[in-house]
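Trainee: I have a model open and want to learn to read it feature by feature. Where do we begin?

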Amino acid sequence: MNHVDIYTDGACKGNPGPGGWGVLLKSGMTERELFGGERLTTNNRMEMTAVIEGLSALRRPCDVTLYIDSQYVLKGITEWIHGWRARGWRTASKEPVKNVELWQRIDELVQNSGHKIEWRWVRGHNGDPGNERADQLANLGVDVALGRIPAPG
């Protein structure tokens with residue numbers, strides 16, 4: 001299996017407001033950058049979308065180290081999701097899980113993609129080059145959402 005480092009980040013100007021997501025994929029000497037945005041969204045949704053887009057960009061099963069600065073997404077995927085799934089996508093207090101369609105998509109990618117994923121939390125805005133680039137890409141995604149620049153590709 002190829003090893004891939006994936007750095008993801010989300011950004012939102014207002015919460016809710018226009019938002020963007022950014023992904024940096026690195027495998028050996030190869031790098032790929034992805035970004036996009038939505039006109040009305042939340043920071044958490046953009047953080048989750050970055051993970052979805054990063055994992056979806058992989059064409060075959062990979063050994064992935066996924067770097068993320070969102071505790072919400074990290075705890076959601078490594079701790080909370082098991083209970084949510086067991087309770088029919090409800091929280092411990094029996095409320096519907098927020099952003100359920102995104103959680104279900106992440107869960108599907110984790111369970112069915114064949115990837116071996118190691119989740120690593122990094123402190124945002126703390127000088128990690130991969131995280132800093134993902135943050136810049138997420139902000140480009142905000143520019144796409146606001147029509148300041150064209151969408152990539």
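Mentor: With Trp 103. At 0% relative accessibility, Trp 103 counts as buried. Keep in mind that this is a predicted model.

Trainee: How is a pair of aromatic rings described?

Mentor: By the distance of the centres and the angle of the planes. The structure holds 5 aromatic pairs. One of them joins Tyr 72 and Trp 103. Their ring centres are 5.4 Å apart and the planes meet at 65 degrees, so the pair is edge-to-face. The cut-off for that class is over 60 degrees.

Trainee: Which parts does the pair of Tyr 72 and Trp 103 tie together?

Mentor: Tyr 72 lies in helix α2, residues 71-86, and Trp 103 in helix α3, residues 100-112. The pair therefore ties together parts that are 31 residues apart in sequence. Tyr 72 and Trp 103 also belong to one aromatic cluster with Trp 80 and Trp 84.

Trainee: Now the strands. How do β1 and β2 pair?

Mentor: Strand β1, residues 3-12, pairs with β2 in the antiparallel sense, over 8 bridges. Gly 10 stands opposite Trp 21 in β2. The hairpin of β1 and β2 has 4 residues between the strands, and Gly 14 there takes a positive phi near 95 degrees.

Trainee: And how many bridges join β2 to β3?

Mentor: There are 10, and these strands also run antiparallel; β3 covers residues 30-41. Here Gly 22 stands opposite Phe 35 in β3. The β2 and β3 hairpin has 2 residues between its strands. In its turn, Gly 28 has a positive phi of about 60 degrees.

Trainee: What should I expect of nonpolar side chains?

Mentor: In soluble globular proteins they tend to be buried together. In this model, the largest nonpolar core has 31 residues. Ile 6, Leu 55, Leu 66 and Trp 103 have the most contacts inside it. At least two residues of this core come from each of β1, β2, α1 (43-56), β4 (63-68), α2, α3 and β5 (116-121). Helix α1 gives the most, with 6 residues.

Trainee: Which residues is Leu 55 in contact with, leaving aside its neighbours within four places in sequence?

Mentor: Leu 55 contacts Ile 6, Val 64, Leu 66, Leu 109, His 115 and Ile 117. A second, separate core has 5 residues, including Tyr 7, Leu 24, Tyr 67 and Ala 134.

Trainee: How far apart in helix α3 are Glu 108 and Arg 105?

Mentor: They are 3 residues apart, so about one helical turn separates them. They form a salt bridge, with closest N and O atoms 3.0 Å apart. Glu 108 is partly exposed at 42%, and Arg 105 is partly exposed at 31%.

Trainee: Which residue does Arg 148 meet in a salt bridge?

Mentor: Asp 143, at 3.0 Å from N to O. Arg 148 counts as exposed, at 59% relative accessibility.

How values were computed:
Residues are numbered from 1 along each chain as its sequence is written. This is a predicted model: local features need pLDDT of at least 70, side-chain atom pairs count only at pLDDT 80 or more; totals for chains, interfaces and linings use all residues. Side-chain values use heavy atoms; hydrogens and water are left out. Rings of Phe, Tyr and Trp (its six-membered ring) pair if their centres lie within 6.5 Å; planes under 30 degrees apart count as stacked, over 60 as edge-to-face and the rest as tilted. Buried means under 20% relative accessible area, exposed over 50%, partly exposed in between (1.4 Å probe, protein chains only). Two strands pair if DSSP finds at least two bridges between them. A nonpolar core is a set of buried Ala, Val, Leu, Ile, Met, Phe, Trp, Tyr and Cys residues joined through side-chain atoms within 4.5 Å. Contact means heavy atoms within 4.5 Å. A salt bridge is a side-chain nitrogen of Lys or Arg within 4 Å of a carboxyl oxygen of Asp or Glu.
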